[in-house]
Structures are given as structure tokens and as C-alpha cells.
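Grab a pencil and open the model in your viewer. Try each exercise before you read its solution.

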Amino acid sequence: MEFKIDMDGMSWLVADAPEQRRDFETREPRTDSEGRPLFQVRLLVMDGQGSAPIKVGLIGDPGLSQGAFVRPVGLRLNVVDRKGDSVQWWTAERLQPGPVPGAAAGGTGGSGKAAGKAGQ
């Protein structure tokens, strides 16, 4: 099951440099069914009053630096039942440059390019 997220009024900051996902046991880099590398990025989500960190899975290296403001495209909370437990993870189609909170309209923050798709 997937849940689409309303992101109005939220700012998104790249908290840690993106890293390629690795298999838990073999430590080999993970890829999707088409052989594209899977990445994860820790984002700090802020709404002007509070914040929360989340890890977002993407297909491909998003090419972002720590401190870049981004806007997730196609952000979803994925949920599946495994052996009686609910497992949740975040994915996005891509991360595009986003506005810097408090900056003049039309400005984008941070550095990096948009890239990546949802993947697990």
C-alpha cells in the first residue's frame, strides 16, 4: 500500500549526503530490477514550527550536497505487512531544487541537480 503526501507549507533540507543502499548481508550495492543503483537520502522536513528527519529511497544518484533545499516529487509512504509486522519506508520519484525558507519568491536553495526515482 502507498500513501501520497501533501507537502504544502513544508521545507525539505538534505541532512546527509546521499548514499547508495547496500545489501544487509553481503554489503554489495543494491540495484532495482533494471540494474539501476538504489540510493537513500536523509532529509529534514520542516513546517515552520517543528522538524523531523526521514530517509527517502530513490533510483539513481540524486547528485545533491548536504544543506541543499529540495522538493520531493512523487513522495510516498510505503507500507507492507511482513510476518505480522508493519514495515514502512519512504520513496520519491526524484528530488528537485527547492525554495530556501524566508528567501525571495522564485529562489532555490542549496546545490545539486534533480534526479532519482522511487525504489526499494
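This is a predicted model: local features need pLDDT of at least 70, side-chain atom pairs count only at pLDDT 80 or more; totals for chains, interfaces and linings use all residues.

**Exercise 1. Work out where Ser 11 sits, whether it is buried or exposed, and which residues it touches.**

Step 1: find the element. Ser 11 belongs to strand β2, which covers residues 11-14.

Step 2: check the accessible area. Ser 11 has a relative value of 17%, and the cut-off for buried is under 20%, so Ser 11 counts as buried.

Step 3: list the contacts, skipping residues up to four places away in sequence. That leaves Leu 44, Val 45, Met 46, Phe 69 and Pro 101.

**Exercise 2. Describe the largest nonpolar core and say which elements give two or more residues to it.**

Step 1: Two or more residues come from each of β2, β4 (38-46) and β5 (51-59).

Step 2: zoom in on one member. Leaving out residues up to four places away in sequence, Leu 43 touches a list of residues including Trp 12, Val 14, Val 56, Val 70 and Leu 95.

Step 3: In soluble globular proteins, nonpolar side chains tend to be buried together.

**Exercise 3. Trace the salt-bridge network that includes Asp 32.**

Step 1: name the members. Asp 32, Glu 34 and Arg 36 are linked by salt bridges.

Step 2: look at the distances. The side chains of Asp 32 and Arg 36 make a polar contact of 2.7 Å, while the closest N and O atoms of Glu 34 and Arg 36 are 3.7 Å apart.

Step 3: compare the surroundings. Asp 32, in the loop between β3 (19-20) and β4, is buried at 14%. Arg 36 is partly exposed at 31%, and Glu 34 is exposed at 61%.

Step 4: look beyond the sequence neighbours.

**Exercise 4. Of the four salt bridges, take Asp 16 with Arg 42 and Glu 93 with Arg 76, and work out what each pair ties together.**

Step 1: start with Asp 16 and Arg 42, whose side chains meet at 2.9 Å, N to O. Asp 16 is in the loop between β2 and β3 and Arg 42 is in strand β4, so this pair ties together parts 26 residues apart in sequence.

Step 2: move on to Glu 93 and Arg 76, at 3.7 Å, N to O. Glu 93 is in the loop between β8 (85-91) and β9 (94-97) and Arg 76 is in strand β7, so the parts tied together are 17 residues apart in sequence.

Step 3: Asp 16 is partly exposed at 33%, and so is Arg 42 at 33%. Glu 93 is partly exposed at 33%, whereas Arg 76 is buried at 17%.

Key:
Residues are numbered from 1 along each chain as its sequence is written. Side-chain values use heavy atoms; hydrogens and water are left out. Helices (H or I, at least four residues) and strands (E, at least two) are DSSP runs, numbered from the N terminus. Buried means under 20% relative accessible area, exposed over 50%, partly exposed in between (1.4 Å probe, protein chains only). Contact means heavy atoms within 4.5 Å. A nonpolar core is a set of buried Ala, Val, Leu, Ile, Met, Phe, Trp, Tyr and Cys residues joined through side-chain atoms within 4.5 Å. A polar contact is a pair of N or O atoms within 3.5 Å; within protein, one must be able to donate a hydrogen and the other to accept it, and residues adjacent in sequence count only if both atoms are side-chain atoms.
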